[in-house]
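Thank you all for coming. I would like to take a few minutes to walk through one structure with you, going slowly from confidence to packing and then to charged pairs.

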Amino acid sequence: MDYFAHIRGKDKAIQSVEEHLLGVKKLAESYGEKIGVKHIAGLAGLLHDMGKFTAEFRKYILDAVNSPDNPPRRGSVDHSTAGGKLLFELYHNEPNPSLKWILAEVVGNVIISHHSYLHDFLNPDLESDYLKRVFEKELKFYEEAKKNFFDAVVSEDELRQYVQKALTELESFMLKPSTESQESKLMFLTKFIFSALIDADRTNTRLFEENKSIEPPVESSKLFQDYYGKLMNKINSFKEHKDANSTINLLRKQMSDRCDEFAMKTPSIYKLSIPTGGGKTLASFRYALKHAMEFGKKRIIYVVPFTTIIEQNAEEIRKIIQDDASLLEHHSNVINDTEDDEDIDGILNKSQKLKLAKDNWDAPIIFTTMVQFLNVFYERGSRNIRRMHNLSESVIIFDEVQKVPVPCVSLFNYAVNFLKIYGQSTLILCTATQPTLDFVEHKLELEAESEIINHLDQIIESFTRVEIIDRATDETFTNEKLVQFVEEKIEEVGSVLVILNTKSVVKRLYELLRSSEDVSIYHLSTAMCAAHRNDILGKVREHLAREEKVVCISTQLIEAGVDVSFKCVIRSLAGLDSIAQAAGRCNRHGEWDIQYVYVIDHEEENLKHLKEIRIGKEISKKLLIDIKQDRNNHGGHVLSVDAMKQYFQRFYNQLKSNLNYPISKLERDMTELLLANRKDSSFYLANKYENGTALPLFIINSYRTAADHFQVIDNYTTAVIAPYGEEGKDIIAKLNGSETIENLTKLLRSSQQYTINLLPYEIQKLTQNNGLVSLFDGKVWALKESAYSDRFGVDIENESGFEGGFF
């Protein structure tokens, strides 16, 4: 009898289970080989769909294809448990924990989870979801599946020989010198193998559906050589500029040359502390290309805090490399992909097409956000973690790394340390305001000499283009007072950027200033999609270039990495890093003599629920007072290396209890769920007390519970596509049609510029007001045209339409 893994939609061609398992095994091996776990990953691929070797599954898939209007009952077939059960049966039968136990647990959990997310080895109810599946659950057709697997794919002896190779790899992995605990090593190994299996499974299925052979890998080395040549042509052209020998441009050249030289150092974690406006995008790209060529890295990944930086920096790199197909911008997950899909495996409906769409970060150059980076390691669902294996063998540049969310600091450090030690990646912490990530409890493993830029204090001093004026320690501002101050500065200098801490105060100030007739007033908001914000920033830059009067009012989204240069910046008191970043938007290129950045205390801002901004504000105020009292304190000014170090040490110290991702509902930190050993795990100790015996597992951590509670920002958000401009409308129209997987991949990529992340109450309000369109059975959401405004972006009241013009 032939056993079916998948049946192709367009021609009803059949992919056999044997063909699928061997194809996935081969792909998974290639992914695992990157970190020395080729056979561990291959083992997951070999066994993941063993449960399809039954007459029951064969009937199930044929019934589903032949009777689409009357499909089999959902949940009637379990095909993902058998492979994990086989490993448990063969290798978890010794009385004491061993490498065989560990291999069975790691790979077994990956297999039983490949249509959902990793199971808890021990959950908050003190039960093992893993053991329930592989040991306690009765599989009616298990023996049939096992016999057919050994008959058709590999013999039991061949499997045991293969497992022996996997055990050798596991031993090497565990013995690799590292400061990380066993629990940390095994958590990241499990997630890496899970990533390799998910991507191999979906890629093999997609290629079958598209009737293609295996895709050849991109030859990054040749591309990077080409890009490096183009970049150096661009850098050398700067010598012809009339102001090439200005102090600022000479310093930029010096730091860029230093990056090129430093790129020859061995892969590790390094700091690149180029001052704001110092040309760090091109300098870091120069480093990345040179280092990738020297050490055979496969991709260059930029991780940024805000989508605004993605848009700008990606465009800057795109203009240089002139190769749009090789650069991926990934702003957010357009697809909601957290549910268990085992019930529909083998049958290609619209929902499955979305899952198979190529979304695995295999492009040579990637721009993404810190949210997406952290989601890869810690959020539930298979779409995010699918990308994890492609973070290995990479140069990863964390632009504006000081914006790592406070609750995620320890989790970030663990992930980066893993990529350094095991992932063969080089990681660059790129910012003018370096956080003290090596100061916290779960610290980043930095080199002793980790700073790329020499004589940093001297560089900062030479880069001085602004003076910080303290208007925050002795007075406060209201919006009315601020309007008057802005109007004075407009008359005085012509261009003003105002950055405030809350969206509501920004919007009110914008409304108060809009009435000005001879001044162009702009408002930037996260309620606008990337393409919309880009258009506004383009218009702002045009006014600045023509030296026309212009005011831009924004939250902090503009202050990190956005290339604009105003004559005056007004910044509401916040963390010292925010003040420094805001200062980087003033006199950015040293076009004028020293200009002024005013720090104010805005009394109408309600920071009650913005704890980190509130604490950062308090620490900054104390540092400002210290410097006002004695200019010798903290390096003499708030932008010094010493002041920034003092700020972050105090900041992290005050928020110490928040750094390990506290989960209030469970009254535990996420680091305990993921990484606690037997003596520190409250779940394990309670289970042992309750049962009077130790849990018969080596791994006792709670991977799924941790993922269920993980969210980088305080509220879960849903990505929606905005009908902004003709392209935004066209993307929505095409997604509403019937597209091939290949076209879906392209559309999802294009949609990144048009996505907005909305909070649950905003989704609820839009639903009530009929402002949303559901695509792909609710997997993708889009806004109706009436729910998006050219003035403010998303209109949750659904009353906007498209009014013309900017202000």
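Predicted model: local features only at pLDDT ≥ 70, side-chain atom pairs only at ≥ 80, totals over all residues.

Before I point to anything, one cut-off will be needed: a residue is called buried when its relative accessible area is under 20%, exposed when that area is over 50%, and partly exposed in between.

The mean pLDDT of the protein is 88, and 92% of its residues reach 70 or more. Confidence is highest in α2, at 98, and lowest in helix α14, residues 350-356, where the mean is 47. Over residues 346-351 the pLDDT falls below 50, although the model still gives this stretch 17 contacts beyond near neighbours in sequence. Residues 801-807 also stay under 50, and for them the model has 26 contacts beyond four places in sequence.

Let me now turn to helix α4, residues 81-91. Of its 11 residues, 10 are buried, so the helix is largely enclosed by the rest of the structure. Among the buried ones are Lys-85, Phe-88 and Tyr-91, and what covers the buried residues of α4 includes α2, α5, α6, α7 and α8.

What does Glu-89 form with Lys-146? The two form a salt bridge, in which the closest N and O atoms are 2.9 Å apart. Because Glu-89 lies in helix α4 and Lys-146 in helix α7, this pair ties together parts that are 57 residues apart in sequence. Lys-146 itself is buried, with a relative accessible area of 16%, and its side chain also meets that of Glu-143 in a salt bridge at 3.6 Å, N to O. Glu-143 and Lys-146 both lie in α7, 3 residues apart, which is about one turn of the helix.

Elsewhere, the side chains of Lys-222 and Glu-219 meet in a salt bridge at 3.5 Å, and here Lys-222 is exposed, with a relative accessible area of 55%. Salt bridges that share partners also join Lys-253, Asp-257, Asp-260, Arg-286 and Lys-290 into one network. The search of the whole structure finds 47 salt bridges.

In α5, one of the helices that cover α4, we find Asn-109. At 0% relative accessibility Asn-109 counts as buried, and its contacts include Leu-118, His-119, Tyr-130 and Tyr-703.

As for nonpolar packing, the largest core has 190 residues, of which Phe-373, Phe-377, Tyr-378 and Phe-398 touch the most other members. Helix α9, residues 182-209, gives the largest share of this core, 11 residues. Phe-377 touches, among others, Tyr-117, Phe-188, Met-388 and Phe-418. A second, separate core of 46 residues includes Leu-223, Tyr-227, Leu-289 and Cys-430.

Finally, there is an open sheet of 4 strands, in the order β18-β17-β20-β19, with mixed pairing. Strands β18 and β19 stand at the edges with a single partner strand each, so one side of each is left without a neighbour in the sheet. Neighbouring strands are turned by 40° against each other on average, direction ignored. Within the sheet, β17 and β20 pair in the parallel sense over 2 bridges, and Val-720 stands opposite Trp-781 in β20. Helix α28, residues 725-735, lies across β17, β19 and β20, running at about 140° to β20.

Definitions and conventions. Residues numbered from 1 in each chain as written. Heavy atoms only, no water. Buried < 20%, exposed > 50% of the residue type's maximum accessible area, 1.4 Å probe, protein only. Contact = heavy atoms within 4.5 Å. Core = buried A, V, L, I, M, F, W, Y, C linked by side-chain atoms within 4.5 Å. Pairing = 2+ DSSP bridges. Axes fitted to C-alpha atoms, helices over the stretch in contact; angles between N-to-C directions. pLDDT = per-residue confidence, 0-100. Salt bridge = Lys/Arg side-chain N within 4 Å of Asp/Glu carboxyl O.
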